[in-house]
Amino acid sequence: MNPIDCQKPTFALTTPLYYVNAAPHLGSAYTTIVADAIARFKRLQGQSVLMITGTDEHGQKIQRAAQASGINPQEHCDRVAATFASLWQKLNIQYDRFSRTTATDHEKIVKDFFERVWNKGDIYLDRQKGWYCVACEEFKEERELIEDRHCAIHTNLQTEWRDEENYFFRLSNYQQQLEQLYAEKPDFIQPQSRRNEVLNFVKQGLRDFSISRVNIDWGFPIPKDPKHTIYVWFDALLGYVTALLDSQQEPTLENALSHWWPIDLHLIGKDILRFHAVYWPAMLLSAELPLPRQVVGHGFLTKDGKKMGKSSGNTVDPVELVERYGSDAVRYYFLKEIEFGQDGDYNEIRFVSVLNADLANDLGNLLNRTLGMTKKYCQGQVPSVRGEEISTAENTLKTLGIDLGDRVAQAYNSLDFTQACEQIFILIRSCNKFIDEQAPWLLYKQKKQTEVEKILYAVLESVRLSAYLLSPIIPNLSNAVYQQLGLDLDFNNLASVNPRDNFEKHAQWGFLPASGSLKPAKPIFPQLELPSD
Ligand code: MSP
């Protein structure tokens, strides 16, 4: 994947705004975990970051869900939106804005935007006939349907026939400008496979799409014709704009777009690519507004090979998972184990075995045994060795560590979290091997104190560097490592303490100051067990 822009001092990114038809599942949590890791990495590098998440609360799907629970739609939305916010807290997600499409400010932004597109002459009334998937909130072409007119994404749901008067957006007007955008900015859609998918779709010729619905009132009325309700996507995408308003600002489009716009990265799942990479830029072109810099579509989490989804009813409860195993465990598993961009199957046996191998054994035990040895052989102090005194020729850890920061930064900027973890764990595993080979306990007996100190310094420093570079993924564990090494940096609170040059220092092998006091060894990650049921 081509790297995202890492030069700019500010970085604004979004997760999708999640439908509140039901509580979040692991699939929705996945996008947010990824976005949080990116945001944390950018903050680590000293960038000023705005991470936007939120909920998409209008439309038929939500209205029906509220009806099914026997409460009014707003109350339903309030309840479910709160379950998202609470899950983000449990998963240690540091978002800056939570955009809800039922917020009062949002209505004003949607209306301002609608007005601009209307005045451009890009909205007209016509008749819409076709098969509608309520779960996708989208009309489907006959050829896109599977057996018995079921939706190919929500395979357990039959599409519904609609024949009604709708307002349409002249998407077809933007065919050429979109093609030009994709050609001039090959990174606009990533990864490449998703870009190709969009290019193929656009090549077939863009058709205008309907942006209003009748017989549904859970949404904003069309300003010119209130018996129509604005289509949920024409409303929800604007949630990214409303999110930019400061709390004291008058809700106008102009105010909202005065900082942070254009968004640097819209992070989404592959099922909503068309909305973000085709409809959204066309809507913005029509409104004569700058376009986002990049749209990245990840794959699906599957369970037993099928997309995990609320409408499909095969979800895994992320609250249960995080309460059982902790936030770092869940974050690590999904970022390391699912190759970003590809589909990935969730499997609890694999989950437990990966975490035990990597976090409990390779990283946790390494820190523990090294602190134990440092206590015995160096009075619990960081050995008084300076990183520069160790030559790469004599020390494989320094050789591996010296440019690890650069390699991992590149992996993060390419959203290749698996690669970032793999690179870091090569160093961690080498530390374990290095200790076994060097046997500092023998050298200590032989009174080779300088050699013992160089070995222990190299290992402690490598563990520190690894923890630093892993902090966007496992911030709590990184904090625990830093704390035991006697270092004062809170990875959950970087905003106040992180000058730009911090990254340069901490991401460099050899940063660990000599003679610092280490804390007593304490296990940082427990051995996990599978639940017995
Ligand atoms: N409300 C729209 C988005 C509007 S953005 C202005 C929506 N909501 S959603 O709740 O259905 O999906 C939100 C995100 O979760 C999408 O990116 C979707 O791809 C992602 N996921 C939903 N199920 C998923 C998996 N099983 N696996 C990975 N991500 C999945 O679409």
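I began with an open sheet of three strands, whose order is 9-11-10 and whose pairing is antiparallel. Its edges are strand 9 (212-213) and strand 10 (221-222), each of which pairs on one side only. For my own record, strands (E, at least two residues) and helices (H or I, at least four) are DSSP runs numbered from the N terminus, and two strands pair if DSSP finds at least two bridges between them.

I noted that this is a predicted model, in which local features need pLDDT of at least 70 and side-chain atom pairs count only at pLDDT 80 or more, while totals for chains, interfaces and linings use all residues. Residues are numbered from 1 along each chain as its sequence is written, and side-chain values use heavy atoms, with hydrogens and water left out.

Still in this sheet, I looked up how strand 9 meets strand 11 (residues 225-230), and found antiparallel pairing over two bridges. Arginine 213 has threonine 229 in strand 11 as its bridge partner.

I then turned to an open sheet of four strands, ordered 5-4-6-8 and paired in the antiparallel sense. Strand 5 (138-140) and strand 8 (209-210) each have a single partner strand, so one side of each edge strand is left without a neighbour in the sheet. Between strand 4 (residues 123-133) and strand 6 (residues 160-169) I found 10 bridges, again antiparallel, and I noted glutamate 164 in strand 6 as the bridge partner of glutamine 128.

Next I looked at the ligand. Of the 23 residues around the ligand (a heavy atom within 4 Å), Asp56, Gly269, Asp271, Leu301 and Met308 come nearest. I sorted this shell into 13 nonpolar, six polar and four charged residues, where Gly counts as polar, and Asp, Glu, Lys and Arg count as charged. Strand 1 (10-19), helix 7 (232-236) and strand 12 (265-269) each supply at least two residues of the shell, and strand 1 gives the most, with four.

I also checked polar contacts, which are pairs of N or O atoms within 3.5 Å. A polar backbone atom of glycine 269 lies 2.7 Å from an oxygen atom of the ligand, and a backbone N or O atom of tyrosine 19 lies 3.1 Å from a ligand oxygen atom. A ligand nitrogen atom is 2.7 Å from a polar backbone atom of leucine 301. The protein covers 96% of the 650 Å² of accessible area that the ligand has on its own, by the Shrake-Rupley method with a 1.4 Å probe.

Note on methods: Polar contact = N/O pair within 3.5 Å; in protein donor to acceptor, adjacent residues only side chain to side chain.
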